Every structure is written in structure tokens, then in C-alpha cells.
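This report goes through selected features of one protein model. Please keep the sequence and the 3D view open while reading.

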Amino acid sequence: MSTEAETAPASAGNEHAFQAEISRLLELLSHSLYQNREIAVRELVSNASDALDKLRVARLSGGAPADGPELEIRLVPDDDAKTLEIRDTGVGMTREELVANLGTIAHSGSLDFLSKLSDEQKNDASIIGQFGVGFYSAFMLADRVEVVTRSAGGDETLCWASTGSGTYTIDVADEVLPRGTVIRLHLRENCGEFADETRVKYILKKYSTFVPHPIYVGDEHVNDQPPIWAEPKNSVTDEQYAKFYQYLSHHNGEDPLWTLHLAADSPIQFQTILYGPPSNAEKLGFGKAEHGLHLCAKRILVQNDCRELLPEYLRFIYGLVDSADLPLNVSRESLQDDSVFRKIKKVLTKRVLDHLGKLAKDDAATYATFVTEFGPVLREGISVDYENREKVAGLLRFKSTGDTDEALTGLDGYLDRAKDDQEQIYFLGGPSLAAIESSPHLEAFEARGLEVLLLDDPVDEFVLANLATYKEKKLVSADSADVAIPESATVEDKEEDAEPPQVDDAGMQKVFDLLKDALGDDVSEVRTSDVLAGSPARLVHPQGAMSAQMEKVLEMSSGGEGFSRSKKILELNPKHPLVARMSVLAGNEQNAGFIQDLGRQLHSNALLLTGTALDPRAIVERTEAFMKELAEKRSNIVF
Ligand code: ADP
Ligand code: MG
């Protein structure tokens with residue numbers, strides 16, 4: 001009781017206060033939100049249809065008596081009284097349900113999200129139904145709303161009423177319903193058109209064609225459409241597909257990005273229409289998509305948000321699946337271990353992935369939109385769907401150094417361009433594209449004409465590391481000791497490095513020892529490498545270890561606690577004049593300290609280029625010492 005007192009301070013007798021959020025929502029609705037008032041009718045009819053579905057499910061489990069009025073929806077416009085009634089013979093509501101369902105917002109966060117929308121988005125009424133607040137759109141049309149309702153099996157008919165200004169009342173109704181709900185809208189002065197029968201029929205045909213229960217206005221059955229998913233593909237028009245998409249998604253006036261209509265016969269018989277939306281609401285910050293597919297058994301809706309029919313990483317898809325092989329009286333629990341169900345899921349998943357692959361080939365522009373919007377959701381499949389992971393991987397797109405027509409490339413495109421003897425797919429992660437592009441690791445690959453995928457989204461790097469191989473080619477981070485350079489990839493000699501200094505082999509060994517000594521535990525090994533092209537040095541992570549970027553991300557997410565970076569290998573480029581010179585200088589004991597300082601600085605530079613935060617003091621002191629020495633040398637030359 002105490003919580004109710006908090007949320008409803010004005011409760012007195014049969015008068016209740018709305019949860020604070022609802023008052024704010026109603027304010028939003030009456031001011032800027034939802035200029036398109038027709039949407040209110042759609043939302044109320046959608047609720048009526050849900051109530052009929054719930055009744056059918058309750059009957060199957062014995063939770064509601066089997067007798068009583070036919071399952072139907074009836075709209076009654078009254079031009080004289082300026083009212084519109086939406087009547088259904090569904091489950092109805094008890095007193096407690098009226099308070100819980102029409103006095104509070106079930107999905108916390110919905111309101112926050114709605115109030116953050118831009119004005120343009122607010123005027124696009126299409127979204128209201130997605131946020132579990134559809135009922136309140138009634139106040140866009142009415143200055144007084146009555147909900148007369150009788151719960152299935154209940155013995156009293158109740159009347160909920162409100163003017164939408166902070167409170168509502170619940171009383172025993174004057175009329176007696178056999179079962180179900182009447183939503184009675186006392187229309188606002190400027191909404192008189194909603195009491196006009198022709199107008200109401202028009203709106204129902206526009207938005208509610210696919211409601212799976214009969215809707216009547218007067219004697220007319222307004223939604224006597226055949227179910228389009230059961231029709232042959234070539235008899236369904238684009239407009240019908242778009243309308244069905246809008247019905248399923250509540251995305252008013254929006255066309256789907258792609259449509260997949262198919263019928264399967266074996267191992268399970270089913271018909272389905274699936275849609276890809278044109279944009280991803282998750283990107284706007286509204287949590288994970290929670291809708292599912294509509295599931296029908298022999299045309300009758302069994303569940304309207306069935307999330308178990310597709311894997312989570314395809315949760316953005318809207319659609320309907322109708323199977324004659326499913327029993328009508330299925331519960332959510334029994335569905336999950338039902339083998340029919342699992343088979344449908346398997347086929348659907350495969351067909352969707354194949355369809356996306358085909359879309360990528362046939363319609364690059366549409367696919368680019370798709371992958372920009374949903375790539376981040378799709379890639380989740382790599383770590384959860386082992387059976388299809390290679391298919392999913394082939395659908396992902398990345399930035400790349402390759403010479404491509406599209407802004408992004410897929411792994412297949414990469415392999416097409418790869419050298420014949422190339423056994424690995426190279427990628428490099430970094431905090432930004434600019435940081436990756438200035439990496440000494442990248443330079444080594446570019447100098448040899450080897451393509452590298454540029455991963456400026458850290459998740460992509462984890463995804464590819466997790467994938468490990470694609471079409472038998474190993475996926476390798478460019479800063480890894482695992483890198484194998486194909487023999488055919490040679491560095492073209494540059495004219496300007498005309499006379500590279502001779503490397504002193506014994507001196508080079510001495511350089512390794514000096515540097516290992518100077519860097520101590522900071523590196524596991526110092527060695528030369530023929531991977532490098534123009535840079536003097538690079539840090540590579542040992543075979544099998546995480547890349548520098550992955551370590552950084554993990555370190556940040558663990559808050560640095562209990563995390564230790566793996567020791568890196570410092571690789572020197574013997575073709576670089578500085579390194580060659582070091583090997584010569586090492587011959588003289590007196591240069592030992594200087595060579596060690598050079599080594600420390602090369603190490604710091606390599607770290608700096610990966611964007612690792614370092615203690616600047618040591619670096620500054622060391623470079624100042626170098627500068628001082630150089631300046632002194634110059635004074636000797638001049639004087
Ligand atoms: P949503 O439909 O997304 O749950 P709404 O704001 O449209 O959100 O409706 C809120 C709730 O009110 C519904 O979930 C349902 O429990 C109840 N409700 C609304 N209309 C009816 C109706 N005609 N019959 C029974 N319950 C209803
Ligand atoms: Mg609703």
C-alpha cells in the first residue's frame with residue numbers, strides 16, 4: 001500500500017491519480033506529440049485485438065469459459081452524440097487490472113525516450129504503439145474517455161473514466177456487458193470527423209486490414225482481406241506488403257528496407273513474410289528491440305511477440321510465421337522445446353541469412369544501408385550461432401585499405417583481392433581511423449600491397465578474434481607475431497634510400513642485449529623483423545596474445561584492476577638507417593648508454609603510436625637530452 005500512496009497521493013474514494021509519468025505523457029500528447037490523430041484508432045483497435053487473443057489463450061488453458069459472445073471488434077460512431085466507441089468481446093479487465101494497465105506505464109524508460117524525440121519525430125505519430133503507451137493516444141481525440149469493461153469470468157461491469165488531467169475514476173458501470181471492453185471517446189470539438197462512419201471505415205481499411213479478428217462498422221465487415229502470407233508471391237502487391245509491414249511494426253507510412261516472403265514444405269510446412277526495417281531504433285538509444293514475430297497456427301494467431309523464432313541477433317526483423325504443423329494450444333514454455341518450433345527457427349535463420357547475402361550481391365546500396373544500421377546487431381551472431389557463424393561473418397562489412405568500389409568491404413571481397421599465396425586476413429584495431437592509419441604496423445602492409453581491415457570499432461576486433469578463421473584463412477591482427485607475410489608480397493625499393501648503411505651483425509646482437517637490459521620487464525624480447533618497411537621499430541604482441549587495442553579496451557572495462565598487459569616483443573627494422581647505425585655504434589663500449597636511450601625512445605614511440613598513455617616526464621627528459629647533444633654537434637660544425 002505504501003508504494004501506491006507514493007505514486008498516487010491524490011487517491012480518495014473512487015478517484016485515483018495517474019502515475020506521474022502518465023500525466024507527463026498526456027501533456028506531451030496534447031501539445032506537440034502526434035499530429036496524426038488517426039493513429040489513436042489504430043492503437044485502440046490493436047488493443048481490442050490483443051484482448052481477443054488473450055481471451056482465446058485463456059480459454060485454451062481453461063482460464064475462461066468457452067461460451068459467451070462471438071470474438072469480434074465493433075466500432076460505433078455516433079454523429080449526433082459526437083462519440084466513437086471501440087467495442088471488443090475480449091478478456092476485459094478487473095478493477096486491479098484497470099489500475100495497473102491504465103494508470104501506470106509498464107515500460108519504464110518509454111516516456112523518457114518519447115520526450116527526447118525531435119519535434120519532427122514527435123509529429124510522426126507512427127511510433128507511439130511501439131512504446132506500450134498506445135491507449136493514451138485516446139486523449140488526442142477525446143476530452144473524456146470512458147472504459148467500460150467486464151473481465152472474462154468476472155461478475156461486475158466497471159467504468160473507468162478520465163478527462164486526461166491527472167486523475168481517473170473507477171465505478172460500477174450503469175450498463176452490463178456480457179464480456180469485454182467498450183472504449184467510449186467523447187470527441188474533442190476539432191475531432192468531430194471521427195464520429196463519421198465513412199471516415200472511420202476509411203481509417204480502419206488504412207491501418208487495420210490485417211487485424212486477425214473481424215472488425216465491423218454497422219453491418220460491414222471492414223477487414224475481410226485474405227491473409228497475404230498464404231497467397232502466392234506474385235499475387236501480392238508492393239502496397240499490400242508495405243501495409244502489412246506497417247501493421248506489424250506500427251511504423252506508420254514507412255516502407256520496409258527488404259521483404260522476404262516464402263513458403264517451406266519440408267521438414268516443416270510453414271508460410272512466412274519477414275521484413276527488415278529501414279533503420280535501427282537501438283541506435284537511437286532505446287534499448288534492445290523487444291518485439292518478436294507473429295506466430296499463427298492455421299491462420300489463427302498463437303502469439304504476437306514470439307522472440308524464440310529467430311536468434312537474438314536477428315531481433316530487428318518484423319514478420320509473421322504461419323504453420324499448420326503447430327498445435328493451437330501452445331504455451332510459451334512448451335514452444336521452446338518443441339521440435340517443430342526448433343526446426344522452423346533453423347530454416348528461418350538460414351533463409352534470412354541467405355536472403356541478406358543475396359541482397360548484398362544484387363542491391364549494394366540497400367545492403368549498405370542495412371549493414372550500417374544493423375551490422376552491430378548482426379555481428380553478435382559470431383559468438384552465439386556456431387552453426388551459421390561463417391555465413392554471418394560473410395555478411396559483415398569493414399573499413400579497409402583495399403582498393404574497393406564501396407565504402408566498406410566484406411571478407412569475401414577481401415579474399416578476392418588478396419594475393420594468391422596469402423594465407424591470412426589482416427586487420428588492425430585502434431581508437432580512431434586516423435590513429436590506425438598512422439600506425440607503423442599498417443605501413444608495413446601497405447608497402448607490400450597487402451590489404452588490412454581497419455577496425456575503429458573495438459567490438460569488431462573482438463568479433464574477428466573470436467571468429468579466428470574465415471574460409472580457412474586465419475584472421476590475424478597486424479600487430480601480432482602471428483603475422484606471416486606471403487612471399488609474393490615484396491617491398492619496392494625506394495630510390496631515396498640509395499645507400500642504406502651496412503648492418504654490423506655482431507653489433508646488432510649487442511644492440512639486442514643492451515635494449516633488453518634497458519627495457520627490462522617492459523618487453524619479452526628484442527629482435528629484428530623483416531615485416532617493417534619504413535619505420536625503425538614496432539611492438540608486436542606474442543603469438544596467441546591479444547592485440548594492443550583489445551588489451552586497452554579490456555583494461556579500461558576492468559578499471560585497470562587485476563589486469564596485466566602481456567609483454568610485447570620489440571622488433572627493429574635492420575633496413576632502417578637509424579637501426580643500422582645503432583649496430584655500428586654498438587662496437588664501441590662508450591656508446592652503450594646512448595644506444596639504450598635510443599632503445600627506450602623507440603619503445604616509447606611505438607607505444608605512443610598505439611595511443612597508449614605513458615608517463616611523459618621520462619620521454620621529455622630523454623628527447624631534451626638528444627636535442628641538447630644534437631645542438632652541441634651543430635655548434636661544432638658552425639664554428
Ligand atoms: P500495450 O498495448 O503496448 O500494452 P497500451 O497503452 O496500448 O499498451 O495498453 C495498455 C494496457 O491496457 C494493455 O496492455 C492491456 O493490458 C490494457 N488494455 C487496453 N485496452 C484493452 C482492451 N480493449 N481490453 C483489455 N485490456 C486492454
Ligand atoms: Mg496497445
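## Leu359 and helix α11

L359 is found in helix α11. Helices here are DSSP runs of H or I with at least four residues, strands are runs of E with at least two, and both are numbered from the N terminus. At 12% relative accessibility, L359 counts as buried; buried means under 20% relative accessible area, exposed over 50%, and partly exposed in between, with a 1.4 Å probe and protein chains only. L359 and W258 are 101 residues apart in sequence, while their C-alpha atoms are 8.5 Å apart in space.

## Basis of the values

The model is predicted: local features need pLDDT of at least 70, side-chain atom pairs count only at pLDDT 80 or more, and totals for chains, interfaces and linings use all residues. Residues are numbered from 1 along each chain as its sequence is written, chains are lettered from A and ligands numbered from 1 in the order in which they are written, and side-chain values use heavy atoms, with hydrogens and water left out.

## The second largest pocket

Helix α11 also takes part in a pocket lining. Pockets and cavities are found on a 1 Å grid over the protein atoms alone: a cavity is a set of points where a 1.4 Å probe fits but cannot get out, a pocket is an open set with protein on both sides within 12 Å along at least five of seven lines, and lining residues have an atom within 4 Å of a point. Grid points are joined across faces, edges and corners, and a volume is the space filled by probe spheres set on the points.

The second largest pocket holds about 730 Å³ of space. It is lined by 30 residues, of which A360, K361, G394, R397 and G410 are the closest to its centre. At least two lining residues each come from α11 (339-362), α12 (364-378), α14 (389-395) and α15 (411-417), and α11 gives the largest share, 6 residues. By class the lining has 11 nonpolar, 7 polar and 12 charged residues. Nonpolar covers Ala, Val, Leu, Ile, Met, Phe, Trp, Tyr, Cys and Pro, charged covers Asp, Glu, Lys and Arg, and the others, Gly among them, are polar.

## Two cavities

How many cavities of 30 Å³ or more are there? The count is 2. The largest cavity has about 140 Å³ of space. Of its 18 lining residues, L428, G429, G430, Q549 and T610 are the closest to the centre. β16 (424-429), α16 (433-437) and α20 (548-557) each supply at least two residues of this lining, with the largest share, 3 residues, coming from α20. The lining of the largest cavity divides into 6 nonpolar, 9 polar and 3 charged residues.

The second largest cavity has about 70 Å³ of space. R42, K206, Y207, S208, T209, F210, K243, Q246, Y247 and N252 line it. Two or more of these residues come from each of α8 (197-207) and α9 (238-249), and α9 provides the largest share, 3 residues. In this lining, 3 residues are nonpolar, 4 polar and 3 charged.

## Aromatic rings

A pair of aromatic rings is described by the distance of the centres and the angle of the planes. Rings of Phe, Tyr and Trp (its six-membered ring) pair if their centres lie within 6.5 Å; planes under 30 degrees apart count as stacked, over 60 as edge-to-face and the rest as tilted. The count comes to 18 aromatic pairs. In one of them, the ring centres of F18 and W160 are 6.1 Å apart and the planes are at 55°, so the pair is tilted. F18 lies in the loop between β1 (15-17) and α2 (20-30) and W160 in strand β5 (residues 158-162), so the pair ties together parts that are 142 residues apart in sequence. F18 is buried at 3% relative accessible area, and W160 is buried at 0%.

One aromatic cluster is formed by F210, W229, F244, Y245, Y247, Y275 and Y318. Elsewhere, the charged end of R199 sits over the ring of F194, 5.7 Å from the ring centre. This label requires NZ of Lys or CZ of Arg within 6 Å of the ring centre and within 35 degrees of the ring normal.

## The loop between β18 and β19

K471 lies in the loop between β18 (469-470) and β19 (473-477), and E472 is in the loop between β18 and β19 as well. K471 is not a glycine but has a positive phi of about 45°. Phi of E472 is near 65°, also a positive value in a residue other than glycine. K471 is partly exposed at 44% relative accessibility, whereas E472 is exposed at 75%.
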